[in-house]
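Take a short walk through this structure. Keep the sequence at hand as you read.

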Amino acid sequence: MATSNEPGPGRHITPGSTASGSTASGGGAGRVLVVDDDPTVAEIAAGYLERAGFTVHRAADGPSALEAAARHRPDLVVLDLMLPGMDGLEVCRRLRANGSGTHTLPVVMLTARGDEEDRILGLEVGADDYVTKPFSPRELVLRVRSVLRRSSSATPVGEPLLEIGGLCVDRAARRVTRNGSELALTLREFDLLVYFLRHPGQVCDRERLMREVWGWEYGDLSTVTVHVRRLRAKIEQDPADPQLIRTVWGAGYRFEADPCPPEPAPATTATGTGTGSGTGPGTGSGSGPGTADGHA
């Protein structure tokens, strides 16, 4: 395969071009499944990931991708959106719907389309990140590392459970229940929920969430919007009227630490045996310690 100089941070490789050069070692990185029907793109992506220390398996279509995921049990899937036999969206849906727990398998979506709608579709079905073709292979490696770093981050032993509004989050087990029923959250959805739980009552704008949850200093802010919408669909009693993750218009989102405060006691009209000062220390009529309008 012909080679050229490794691209700098501002350069991109288009499908059909090649690149060589070393990428800093990823230090025992893990297993990655690369799914792309373009052999040149797959070779470039696999080559850079292997040089970064990953063990890489490849598949060229949707059905073989599902077979390879079941056989090799990768730590992450780099998945092209446009595939023969079964597109990447359906592959991602099936990975998420698998009852063996693969809903936690991180997915980085590749797409040759630049439309925001296509990126959002990938995020809607559960992709944790996306890279748009033409892409920088070094950026792909960095995105893969970032996703895996969060998925494998250790939680201190004895970390207390986070419990708010009927939700119980076990960080060590990466397990979330709502009123006793377990929820299937993606990697980013879980991290986003934990961040909200750790900052109740604070207004968090999308830039802050992207920086703190995704670890990105810049990026497409619709990524955050989509994940908030997906998270609401899973944790809210009525996602159309969210009580846990509130939108603060023009500012961001606020997680309510006490989403369902008790309803105030209805006002009652005192009907004491007489008028005047009553028998209690309050004012107005009645025999209790109320005020003139009857509230305690």
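This is a predicted model: local features need pLDDT of at least 70, side-chain atom pairs count only at pLDDT 80 or more; totals for chains, interfaces and linings use all residues.

Strand β1 covers residues 30-35. Five of its six residues are buried, leaving the strand mostly covered. Strand β2 spans residues 54-59, and β1 pairs with β2 in the parallel sense over six bridges. Between the two, the chain passes through helix α1, residues 39-51. This β-α-β crossover is right-handed.

β1 has another partner. Strand β3, residues 76-80, pairs with β1 in the parallel sense too, over four bridges.

Now step past the strand. Asp-36 sits in the loop between β1 and α1. Asp-36 counts as buried because its relative accessibility is 3%, and the cut-off is under 20%. A polar atom of its side chain lies 2.8 Å from the backbone nitrogen of Asp-38. Beyond its neighbours within four places in sequence, Asp-36 is in contact with several residues, among them Val-41, Ala-59, Asp-80 and Lys-133.

Last, the cysteines. Cys-92 is buried because its relative accessibility is 0%. Cys-168, at 19%, also counts as buried, because the limit is under 20%. How many disulfides are there? The count comes to zero, with sulfur atoms required to lie within 2.5 Å.

Methods
Residues are numbered from 1 along each chain as its sequence is written. Side-chain values use heavy atoms; hydrogens and water are left out. Buried means under 20% relative accessible area, exposed over 50%, partly exposed in between (1.4 Å probe, protein chains only). Two strands pair if DSSP finds at least two bridges between them. A crossover is right-handed if, with the strands pointing away from the viewer, the path from the first strand over the helix to the second runs clockwise. A polar contact is a pair of N or O atoms within 3.5 Å; within protein, one must be able to donate a hydrogen and the other to accept it, and residues adjacent in sequence count only if both atoms are side-chain atoms. Contact means heavy atoms within 4.5 Å.
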